[in-house]
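Good morning, colleagues. Please take a moment to look at the sequence and the model, and I shall then walk through a few of its local features.

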Amino acid sequence: MKKRQEESGHYGGLVGYNSGEIIDSYAFSHNKGGELCGMNAGTMERCQEFYDGKAEKIEENPLFHPENWFSDIEREDKFFTIYTIEQFEKVIESVNSGDENYQNQHYILMSDLDFKNRKITPMGTSTHPFHGIFDGNGHKIKRFSIKQENTVAVGLFGHLENATIANLSIEGKVSGGMRTGLLCGTSKASKIICCGAVGECQGLEFVGGLCGKNEGTIDRSNFYGYVSKKETSKRLLVMSVVLIIELLATSMFLVNAMTPEESDIYIQKTVDKGIRSIAD
């Protein structure tokens with residue numbers, strides 16, 4: 001199993017990397033012989049990966065019928081409705097600028113949105129994640145395009161943290177860097193419930209049809225389409241920067257107890273360690 005995951009480059013039909021839980025979900029991809037998860041360090045229950053020539057198995061399994069999936073999301077006392085593309089783009093802009101009134105809000109989609117192959121920006125960044133509730137209400141966001149190949153956490157929702165995405169169907173094309181998925185790039189302590197994605201997803205590492213990196217819960221959700229890992233000269237740089245930042249973040253508490261000379265040496269060793277890890 002380990003060898004196969006290494007060969008896959010950590011991309012999966014549903015999720016690139018999973019350290020959370022995935023329940024009652026599946027992917028139907030054109031990547032024959034691929035895995036549901038590129039790398040799984042969490043739990044998966046009643047999940048399956050299908051590919052060309054095995055569509056009949058979906059019909060054999062009564063679990064896999066997304067048209068019957070719908071989650072009743074308890075509505076907050078105050079919520080916002082979205083009817084138009086302009087309203088949706090205003091939410092993206094406000095969330096990404098760090099406006100907490102938008103980051104923590106409860107949204108309900110009231111109609112299908114057709115972007116007609118226009119490029120859009122993911123909602124939520126690593127510095128300003130989306131923390132709220134987005135209830136698709138059975139509607140679809142379709143024909144959107146995202147191309148951010150040098151960005152970490154790319155998808156319709158870039159970075160989710162303590163958020164809920166439910167009852168949403170999407171259709172589009174996404175090309176990102178590390179942690180790329182059609183629905184979301186990174187899901188941290190979040191819930192993805194009764195969501196479906198159709199389209200093409202391409203990234204550098206940890207690429208999944210639905211979600212790039214899942215550290216939360218995915219329940220009754222699916223993906224149809226193509227998933228691929230893109231090899232470029234920038235891949236090493238992107239991964240190195242991300243890994244080095246994470247190594248430094250987990251080590252800074254040690255640096256605070258050191259002298260300036262000792263901290264300089266420690267930080268340089270940490271950077272060297274990150275580079276060696278990538279090279280290996």
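C194 is buried, at a relative accessible area of 7%; buried here means under 20% relative accessible area, exposed means over 50%, and partly exposed lies in between, with a 1.4 Å probe and protein chains only. This is a predicted model, in which local features need pLDDT of at least 70 and side-chain atom pairs count only at pLDDT 80 or more, while totals for chains, interfaces and linings use all residues. Residues are numbered from 1 along each chain as its sequence is written, and side-chain values use heavy atoms, with hydrogens and water left out.

C194 sits in the loop between β17 and β18 (196-203). Helices (H or I, at least four residues) and strands (E, at least two) are DSSP runs, numbered from the N terminus. The phi of C194 is near 55°, a positive value in a residue other than glycine. As a general point, most residues other than glycine have a negative phi.

R143 also has a positive phi, near 55°. R143 belongs to strand β12 (residues 140-148), and its relative accessible area of 33% makes it partly exposed.

Let me turn to the cysteines. How many disulfides does a search of the whole structure find? The search finds zero, where a disulfide is a pair of cysteine sulfur atoms within 2.5 Å. C184 is buried at 0% relative accessible area, and C195 counts as buried at 2% relative accessibility.

Next, S187. Strand β17 (residues 184-193) contains S187, which counts as buried at 0% relative accessibility. Beyond its neighbours within four places in sequence, S187 is in contact (heavy atoms within 4.5 Å) with L160, I192, C211, K213, N214, E215 and G216.

Finally, the protein as a whole. Six helices and 21 strands are present, and buried residues account for 50% of the 280 residues. Of the contacts between residues at least 6 apart in sequence, 76% join residues at least 24 apart. The protein exposes about 13,700 Å², with carbon and sulfur atoms supplying 49% of that area; accessible areas come from the Shrake-Rupley method with a 1.4 Å probe, and for residues only the protein chains shown count as cover.
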